[in-house]
2 protein chains.
Amino acid sequence: MPGLDVFEAINTARALRRLRPDPVPEAMITQILDAAIHAPSAGNAQNWAFIVVRDPGQRRKLGDIYRRASEIASAVYRAVGCPPHLTEAQFEQMLTSGAWLWEHMGDAPVLLLPCQRDRPLPPPGALPDWLEARRDQEQAYRERGRGASIYPAVQNIILACRALGLGTLITTNHMRLEDEVKAVLDLPPDLQTCAMMPIGYPVGKFGPIRRRPVSEVAFADRWQSPWPATNQ
Amino acid sequence: MPGLDVFEAINTARALRRLRPDPVPEAMITQILDAAIHAPSAGNAQNWAFIVVRDPGQRRKLGDIYRRASEIASAVYRAVGCPPHLTEAQFEQMLTSGAWLWEHMGDAPVLLLPCQRDRPLPPPGALPDWLEARRDQEQAYRERGRGASIYPAVQNIILACRALGLGTLITTNHMRLEDEVKAVLDLPPDLQTCAMMPIGYPVGKFGPIRRRPVSEVAFADRWQSPWPATNQ
């Protein structure tokens, strides 16, 4: 397998939903997992686990949960409406291509579920007084920053798949029915799933990703000051 | 700049805290931002913004906030204690290398702050009845999955920096004093910072990243079933 430039991988790792049923070599999956664990995590805590589901019965159960969770997701997307930077046609296309996956998640030869374990704060009274006084803020901070310790690993998985010629994408719809997913995977109560990633050889092709340009979303030194800052 | 293999980038993108004061070419920062915006986000909503801080006064203010936020972080790390997979010596080293950054964040020639805007649910009554009935669960789902739409972009930034020979890392300590950060950056109330990333030419070298091995954190088909599953 020849190497792939990191920018090329980043720029062409399209979300590929239609996957061939052919099995993915185990060594290749291990290489993807090895990419995942090289991601950073807060305090280098690596409080993660990765469940690789290939068993057909397990995939069928997860696929069923995903379909039902996606019906909820679809209703929410329609209720919230089209994001301002998408045309109605693009919004419909996004919902339609998503819909195909709702029915076929369980058909992917591999379902990879990155999971995360939260390390709770020590019980009340165990922190120094000044920290006890801001326990609620600390808890809110931990919840808001939680994704910083698992979604970098998810992006490494996406890029590793791209480099190996495998299609994948990140979806979190199933988390709406998290308890059912945990029951299927025998997960302990303190371990949460963070994504469901179908992996396989793609039917479609990798290719350029369209996004809002940097000039619309980047700013120099403060909000609303344009980037690039041509006067510097 | 010759290309860099994506696995090489993933495997050697160490957290490099000590950075030279030399400026980073603007075109290079734009290339990093372009990598960021190619990341996925839920519903392709791209509800993100990236603030590039080079102004010395702005960096000094952010550095001061970061130092005070890190004092809180340090106390919390010590109160929670050493993660099970680190030795006490490794834990001390982690805290010590972090401590250097607390004092020097503002010295980095570039501080990049990826931000995220949440699209709130429509007001009560605007959802179909069956969705109104699960509004609280939907809100909890959105909070838990929020990081899926910004931290993949953060990992792209880390890998782009690696490919360009620039040091960086992700830290979220400053979010403990989010209101102060937002005031410095003139951020609107609905835009939240998600990371503070110092970027510059590194004093140290890129190199292998040590992590818990795949065999300790990956499972086949269900929790506690070992990976690789050599019988398949």
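Helices (H or I, at least four residues) and strands (E, at least two) are taken as DSSP runs and numbered from the N terminus. This is a predicted model, in which local features need pLDDT of at least 70, side-chain atom pairs count only at pLDDT 80 or more, and totals for chains, interfaces and linings use all residues. Residues are numbered from 1 along each chain as its sequence is written, while chains are lettered from A and ligands numbered from 1 in the order in which they are written.

**Interface between chains A and B**

- Contact means that the C-beta atoms of two residues, placed from the backbone, lie within 7 Å; by this criterion 87 residues of chain A are in contact with 87 residues of chain B.
- On the chain A side, at least two residues each come from α1 (6-12), α2 (26-37), β1 (48-53), α3 (56-80), α6 (135-145), α7 (151-163), α9 (214-217) and β5 (218-220).
- The most is given by α7(A), with eight residues.
- This side of chain A has 56 nonpolar, 15 polar and 16 charged residues, where Ala, Val, Leu, Ile, Met, Phe, Trp, Tyr, Cys and Pro count as nonpolar, Asp, Glu, Lys and Arg as charged, and the others, Gly among them, as polar.

**Strand pairing across the chains**

- Strands pair if DSSP finds at least two bridges between them; β5(A) and strand β1 (residues 48-53) of chain B are joined by three bridges and run parallel.
- Within this pairing, A:Ala218 stands opposite B:Phe50 in β1(B).

**B:Val110**

- B:Val110 is part of strand β2 (residues 110-117) of chain B.
- A residue is buried if 20 or more other C-beta atoms lie within 10 Å of its own, exposed if 12 or fewer, and partly exposed in between, with C-beta atoms placed from the backbone.
- B:Val110 counts as buried because it has 22 C-beta neighbours inside 10 Å.
- Leaving out residues up to four places away in sequence, B:Val110 touches B:Val24, B:Ile29, B:Val52, B:Arg54, B:Ile199 and B:Gly200.
- B:Arg54 is 56 residues from B:Val110 along the chain, and their C-alpha atoms are separated by 5.0 Å.

- Most residues other than glycine have a negative phi, and most peptide bonds are trans.
- A:Gln224, in the segment after β5 of chain A, has a positive phi of about 75 degrees.
- A:Gln224 is exposed, with 11 other C-beta atoms within 10 Å.
- In chain B, B:Gln224 also follows β5 and has a positive phi near 75 degrees.
- B:Gln224 is exposed, with 10 other C-beta atoms within 10 Å.
- A cis peptide bond, with omega about 0 degrees, joins A:Trp227 and A:Pro228, and another joins B:Trp227 and B:Pro228.
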